[in-house]
Amino acid sequence: MSRRDRFSAVALVVFPLAVGFKASTFPLGNLKSIGPGFFPLVLAALLGLLSLGLLVSSLAGREEKEPAKWPDRWAGIVIVLAALFAYGFLLKFLGFSLSTFLFSLALLKYGYPKGWWTPLGGALATTFFTLVVFKYWLGTPFPAGWVGF
C-alpha cells in the first residue's frame, strides 16, 4: 500500500485515542441507562480497531488493486445520490419500511454492482434489522405511509 495509507492509518489510530480519552471523562452509565460518554467511546473503539487493521494491512505490503475508472461509475454515483434525496422526500409517502428497502436496494445495487441476489438480500436484512431495533426494541415511531407498515 502507499505511503499515504500508512500516514492516514497512523492518524486514524491517534484520533480515536484522543476521542476515547475525552469520552471517558463523561459518565458511561450502563446498558440500561447509557450515559453521554458511552456512544462516543464505543465509536472511538470501533474506529481504532478499523484503523489498526488499515495500519497492519498497509505495513503488510499488499498489492494495490486497480482503482475503478470514474467514467464507468458515474451512473451509479448519480443513482445513489438521487436515491438519498428520494429517501428523504418519499419517507412520509411510502413509509419507513418500503423507503428503507428501496434506498438500501439502490445503494447495494448501484454502489457495488454484484448482481441482484446480494442487493435484494441486503436490502431485506437492512429493513428487517432497522425495524426490529428501532421500531420494536426502542419504540421509535416511524411514518407508515400508504402501504401501512
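Biologist: Does Phe-39 count as buried or exposed, and at what relative accessibility?
Modeller: Phe-39 counts as exposed, at 55% relative accessibility. Buried means under 20% relative accessible area, exposed over 50%, and partly exposed in between, with a 1.4 Å probe and protein chains only. This is a predicted model, in which local features need pLDDT of at least 70, side-chain atom pairs count only at pLDDT 80 or more, and totals for chains, interfaces and linings use all residues. Residues are numbered from 1 along each chain as its sequence is written, and side-chain values use heavy atoms, with hydrogens and water left out.

Biologist: Where does Phe-39 lie?
Modeller: Phe-39 lies in helix α2, which covers residues 38–60. Helices are DSSP runs of H or I with at least four residues, strands are runs of E with at least two, and both are numbered from the N terminus.

Biologist: How many helices and strands does the chain have?
Modeller: The chain has five helices and zero strands. Its pattern along the sequence is α-α-α-α-α.

Biologist: And what share of the residues is buried?
Modeller: Of the 149 residues in the chain, 23% are buried.

Biologist: Let us turn to α4 and α5. At what angle do they pack?
Modeller: Helix α4 (residues 96–111) and helix α5 (residues 117–137) pack at an angle of about 140°, and their axes are 8 Å apart. Axes are lines fitted to C-alpha atoms, for helices over the stretch in contact, and angles run from 0 to 180 degrees between N-to-C directions.

Biologist: Which residues meet there?
Modeller: On the α4 side they include Phe-96, Thr-100, Leu-105 and Lys-109, and on the α5 side they include Pro-119, Ala-123, Thr-127 and Thr-130. Contact means heavy atoms within 4.5 Å. By class, the contact of α4 with α5 has nine nonpolar, seven polar and one charged residues. Here Ala, Val, Leu, Ile, Met, Phe, Trp, Tyr, Cys and Pro count as nonpolar, Asp, Glu, Lys and Arg as charged, and the others, Gly among them, as polar.

Biologist: Why does Thr-130 count as buried?
Modeller: Thr-130 counts as buried because its relative accessible area is 19%, and the limit for buried is under 20%. Thr-130 is placed in helix α5. Leaving out residues up to four places away in sequence, Thr-130 touches Phe-96, Thr-100 and Lys-135.

Biologist: What lies 3.0 Å from a polar atom of its side chain?
Modeller: The backbone oxygen of Thr-127 lies 3.0 Å from a polar atom of the Thr-130 side chain.

Biologist: What about Trp-116; where is it placed?
Modeller: Trp-116 is in the loop between α4 and α5. At 44% relative accessibility, Trp-116 counts as partly exposed. Apart from its neighbours within four places in sequence, Trp-116 is in contact with Leu-105 and Lys-109. The C-alpha atoms of Trp-116 and Leu-105 are separated by 9.1 Å.

Biologist: Changing topic, which residues does Val-80 touch?
Modeller: Not counting residues up to four places away in sequence, Val-80 touches Ala-106, Leu-107, Tyr-110 and Gly-111. Val-80 itself is found in helix α3, residues 70–94.

Biologist: Lastly, where is Thr-25 found?
Modeller: Thr-25 is found in the loop between α1 (3–23) and α2. A polar atom of the Thr-25 side chain lies 2.5 Å from the backbone oxygen of Lys-22.

Key: Polar contact = N/O pair within 3.5 Å; in protein donor to acceptor, adjacent residues only side chain to side chain.
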